[in-house]
Amino acid sequence: MPNCKTRQTIILLVISVFSTALHAQTTAPKSSANMQETRSAGHVPDFSGPWAVVGGAPSWDPSDPRGAKPDQLPMTPWAIEKFKAARPPFGAKATFEAVNDPVQKYCDPPGITRLYAYPWQFALIQTPGVVYLLYEFTGLWRPIWLDREHPKNPDSTWMGDSIGKYEGDVLVIDTVGLNGKTWIDQVGHPHSDALHLIERLRRVDQDTLEVSVTFDDPKAYTNAFTGKRTFKRSSSPMEVTVCSLTEMQSFDDEVMKTTTVSPKK
Amino acid sequence: MKSKLSIAICVAAGLLLVSASTSAHHGTSGYDMEKVITLNGTITSFNWSNPHCLVHIDVKDSKGDVKDWIIELAAPTLMSRNGWTKDSLKPGDDVIAETHPAKNGATTGLSGASTALLKFVVNGHALPSH
């Protein structure tokens, strides 16, 4: 097993080598014939992207994607307390005042599943042993290991430990080891460090990607649930959007506070 | 102050041009998303930065007093994909701008997000909108 430094070097090299190919694909999407050729050559579906969310939805509750009834998810008492304390930007509890969204307040990483709600693109780099998911939002990325199992006692981290496999045309990603500091969505639904995610990525057609996510978190939810998002292939190259606390603070002072003072008479 | 700064607020009710799902990072709860007003004034600054591009516009109110309006747009990456650049607006430009006004009566508004971008006409030329 390569050490940490060696692994980082390998990752940087892979990203560097593949970025040119990635850019080429953004400017010249593959034809159906090419897509067929890719499939038959390696029997590995091409998920490269970049992908941009269609419409989006602030909640992962499959029966309430707009978050109009965010308390209807089967939360445990532990999760209900967390949810009550949340002051999110979207859904029925949306507010501009005293927001405690960890992304908005601290520029914390938003977490894997919340990234799927953002308007910023993501892309995949597929190699034989690992798939890299690259996110425009703050330049986050994560490896999906195709050649190993989860560690027996994984660290708790922002992005967790992800392993994957191809099941026909579907990339199945299994993630554990999440630190529980993020919300699963834009309406403030919490999760614990026991969260187990299953993402299933499937190309519906040449330019459409469907991502379904199953949330299994017995500490936070009494039942597992599954939500879906749709993404379209984008012709725009990948960029990076930074989250800067100084810029966030400046924006809060200039706009948010102005827009939350008591209404003028 | 130029006479062009005069007035100008007309209301188009019932327009839900900005999706609540993928718009501003902070949501839209501070703005009246069912109302669109049109501002007619002069650009005093254009800040092309995260988390949202900001436009300051001097606008005369009904009493003839000049007010500083702060108009919020999407993040630079998303505005670029809408066809805007950091040079799309400059201080001194005459502008007609649509915006969703703040609910509390403050002179702030939301005009751009990932899914929608309201109309901006600068020196007689329309910028990309959708």
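This passage describes the predicted model of a complex that includes chains A and B.

The model is predicted, so to speak, under set limits: local features need pLDDT of at least 70, side-chain atom pairs count only at pLDDT 80 or more, and totals for chains, interfaces and linings use all residues. Residues are numbered from 1 along each chain as its sequence is written, while chains are lettered from A and ligands numbered from 1 in the order in which they are written.

The predictor gives the complex an ipTM of 0.83 and a pTM of 0.84. Confidence in each residue is expressed as pLDDT, on a scale from 0 to 100. Chain B has an average pLDDT of 85. In chain B, 82% of the residues score at least 70. Residues 1-22 of chain B stay under 50. For this stretch the model has 57 contacts beyond four places in sequence. Two residues count as in contact if their C-beta atoms, placed from the backbone, lie within 7 Å.

Chain A has 265 residues. Its secondary structure comes to 6 helices and 9 strands. Helices (H or I, at least four residues) and strands (E, at least two) are DSSP runs, numbered from the N terminus. Buried residues make up 37% of chain A. A residue is buried if 20 or more other C-beta atoms lie within 10 Å of its own, exposed if 12 or fewer, and partly exposed in between; these C-beta atoms, too, are placed from the backbone. Among the contacts in chain A with a separation of 6 or more, 57% are between residues 24 or more positions apart.

Several strands of chain A pair with one another. Pairing requires that DSSP finds at least two bridges between two strands. β2(A) and β3(A) run antiparallel and are joined by 5 bridges. A hairpin of 3 residues links β2(A) to β3(A). Phe122(A) stands opposite Tyr135(A) in β3(A). β2(A) is mostly covered, with 4 of its 5 residues buried. β3(A) also pairs with β4(A) (residues 141-145), in the antiparallel sense, over 5 bridges. Here Val130(A) stands opposite Trp145(A). The hairpin of β3(A) and β4(A) has 5 residues between the strands, and Thr138(A) takes a positive phi near 60 degrees in it. β4(A) is joined in turn to β5(A) (residues 161-167) by 2 bridges, and these strands run parallel. Trp145(A) has Ile163(A) as its bridge partner in β5(A).

In soluble globular proteins, nonpolar side chains tend to be buried together. The largest nonpolar core of the model has 45 residues. Such a core is a set of buried Ala, Val, Leu, Ile, Met, Phe, Trp, Tyr and Cys residues joined through C-beta atoms within 7 Å. The residues with the most contacts inside the largest core include Leu115(A), Phe122(A), Val131(A) and Tyr135(A). Elements that give two or more residues to this core include α5 (112-115), β2 (122-126) and β3 (130-135) of chain A. The largest share, 5 residues, comes from β3(A). A second, separate core has 33 residues, including Phe251(A), Ile71(B), Met79(B) and Ala102(B).

Two residues show local surroundings in chain A. Val131(A) touches Leu124(A), Ile125(A), Gln126(A), Ile144(A), Leu146(A), Gly164(A) and Leu171(A), not counting residues up to four places away in sequence. Ile112(A) lies in helix α5 of chain A. Ile112(A) is buried because 24 other C-beta atoms lie within 10 Å. Beyond four places in sequence, Ile112(A) is in contact with Met159(A), Gly160(A), Thr175(A) and Leu197(A). Ile112(A) and Met159(A) are 47 residues apart in sequence, but 6.3 Å apart in space, C-alpha to C-alpha.

Chain B has paired strands as well. Strands β2(B) (residues 35-47) and β3(B) (residues 54-60) run antiparallel and are joined by 6 bridges. Ser45(B) has His56(B) as its bridge partner in β3(B). The hairpin between β2(B) and β3(B) has 6 residues. β3(B) is also joined to β4(B) (residues 66-72) by 7 bridges, again antiparallel. Ile57(B) has Trp69(B) as its bridge partner in β4(B).

The two chains meet where 33 residues of chain A are in contact with 26 residues of chain B. Helix α6(A) (residues 245-256) gives the largest share of the side of chain A that touches chain B, 6 residues. By class, this side has 17 nonpolar, 11 polar and 5 charged residues. Ala, Val, Leu, Ile, Met, Phe, Trp, Tyr, Cys and Pro count as nonpolar, Asp, Glu, Lys and Arg as charged, and the others, Gly among them, as polar.

Notes. pLDDT is the predictor's confidence in each residue, from 0 to 100.
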